[in-house]
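Here is a short tour to follow with the model open beside you.

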Amino acid sequence: MTETTGAAITQPILILLLAASGGEPKLADGAAEAIGAAAQLGTPVAVTVGPADALPQMAEAAAALGAVQVLTAAVDPTQLGAPVADALAAAVAQLAPAAVLVPHTIEGTDAAGRLAARLRAPLAIDAVAVERDAEGIVARHSIYGGAYDVTSAATFGPLIVTLRRGSIDHRAEAATPQISSLEVAATGRRAAVVEGFEAAEQTSTRPDLRSAKKVVSGGRGLGSKEQFALIEQLADALGAAIGASRAAVDAGYVEQSSQVGQTGTSVSPDLYLAIGISGAIQHRAGMQTAKTIVAIDKDANAPIFEIADLGVVGDLFTIVPQLVAALEARKG
Ligand SMILES: Cc1cc2nc3c(=O)[nH]c(=O)nc-3n(C[C@H](O)[C@H](O)[C@H](O)COP(=O)(O)OP(=O)(O)OC[C@H]3O[C@@H](n4cnc5c(N)ncnc54)[C@H](O)[C@@H]3O)c2cc1C
């Protein structure tokens, strides 16, 4: 990597910011990280896309997170996919950015893929960092269960990057933005249409797994759905989200939405506790970039200890209740 030049610092970096679904108008998760990453590469320009009545609050929030310019685009919330790509394509045409950064969410990856296909531009998926070298912008990825770090770079066009949630620490300074609305020519491309909407009741007060700062995950070692309640107790004592290995999900201890790994959710929390999880490569693929990994397993040779910052060899049914009791005692 070489030093960033002055000219490069002024290059616009687009960030796609979508509206959070339901409730009051606000930005979807991942905005602070994406703007923080953009600020390290060039001039962060947010493209806020959402229902017309949410756009003023979204622009204000983007500026508070460091966007120095905000382009707003109103979309009909019943139309999925294509209108977001239309707005991004219009912003790329207007600003010729060096890169387009998108939070790695379901909606974000959809928009990034559509934009890349439409512009025939390179796409770097699930990056854990973005940097500059002498040639331009590169994305860093953690692959094969975190066994390798690789970089990807574009030889043409703006690099479109989706950023793994929780992987970017840098935060930009709040800015006083120039806000303008984006002229988006209707492309007439077909979009999926929402025909009905039914709010799902949120029954859990725990943090969302994807964006949680702390995750407590349980594996096959828990032995049963009833005993998996130990993971819930520890998660609640820590204010953490609940994760699980696929073996725990397949055994019915916990719902599939909690699965972490190659075929589940990828997480990068500050703290990841793996309990009764052996550390198969497919599980590591989804959690290896956590900042601190703590493992509890009775098998000292379990592969999870190869990546753990702190490992405790012992029976989880003895250790976890003690941990919960100690945390509760600290809370007083
Ligand atoms: C294509 C493919 C995709 C996959 N995707 C995923 C994925 O997304 N996520 C995922 O997790 N897996 C995935 N898997 C499965 C993966 O290969 C492993 O089988 C799985 O991760 C194992 O889960 P586990 O660690 O809970 O179970 P195990 O490997 O059985 O480990 C259980 C651990 O619990 C410990 N233990 C048992 N009792 C106790 C006790 N009383 N106290 C302390 N420790 C105890 C054991 O020592 C052991 O280390 C995938 C596999 C394939 C083939």
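## A pocket to start with

A pocket here is an open set of grid points with protein on both sides within 12 Å along at least five of seven lines. Keep in mind that the model you are looking at is predicted. Its second largest pocket has a volume of about 420 Å³. Of the 25 residues lining this pocket, those closest to its centre are G219, R220, G276, I277 and S278.

Which elements give two or more residues to the lining of this pocket? They are α7 (246-250), α8 (281-284), β16 (292-297) and α10 (316-331). By residue class, the lining of the second largest pocket splits into 13 polar, seven nonpolar and five charged residues.

Strands of a sheet pair through backbone hydrogen bonds, either parallel or antiparallel. In this model, seven strands make an open sheet with parallel pairing, and their order is β6-β10-β5-β1-β2-β3-β11. At the edges you will find β6 (123-127) and β11 (178-181), each of which pairs on one side only. On average, neighbouring strands of this sheet are turned by 20° against each other, direction ignored.

For a look at one pairing, go to strand β3 (residues 69-74), which runs parallel to β11 and is joined to that strand by four bridges. Within this pairing, Q69 has Q178 of β11 as its bridge partner. Helix α2 (residues 31-39) packs on the sheet, where it touches β1 (12-18), β2 (43-50), β5 (99-103) and β10 (159-163). The direction of α2 makes about 175° with that of β1. Helix α4 (residues 82-95) lies across β1, β2, β3 and β5, and runs at about 165° to β1.

Strand β15 (residues 271-275) pairs with β16 in the parallel sense over five bridges, and the bridge partner of Y272 in β16 is I293.

## Charged pairs

Side chains of opposite charge can pair when their charged atoms come close. Counting a Lys or Arg side-chain nitrogen within 4 Å of a carboxyl oxygen of Asp or Glu, the model has 12 salt bridges.

One of them links E33 and R165, whose closest N and O atoms are 3.8 Å apart. Because E33 lies in helix α2 and R165 in the loop between β10 and β11, this pair ties together parts that are 132 residues apart in sequence.

Conventions. Residues are numbered from 1 along each chain as its sequence is written. This is a predicted model: local features need pLDDT of at least 70, side-chain atom pairs count only at pLDDT 80 or more; totals for chains, interfaces and linings use all residues. Side-chain values use heavy atoms; hydrogens and water are left out. On a 1 Å grid over the protein atoms alone, a cavity is a set of points where a 1.4 Å probe fits but cannot get out, and a pocket is an open set with protein on both sides within 12 Å along at least five of seven lines; lining residues have an atom within 4 Å of a point. Grid points are joined across faces, edges and corners, and a volume is the space filled by probe spheres set on the points. Ala, Val, Leu, Ile, Met, Phe, Trp, Tyr, Cys and Pro count as nonpolar, Asp, Glu, Lys and Arg as charged, and the others, Gly among them, as polar. Two strands pair if DSSP finds at least two bridges between them. Axes are lines fitted to C-alpha atoms, for helices over the stretch in contact, and angles run from 0 to 180 degrees between N-to-C directions. Contact means heavy atoms within 4.5 Å.
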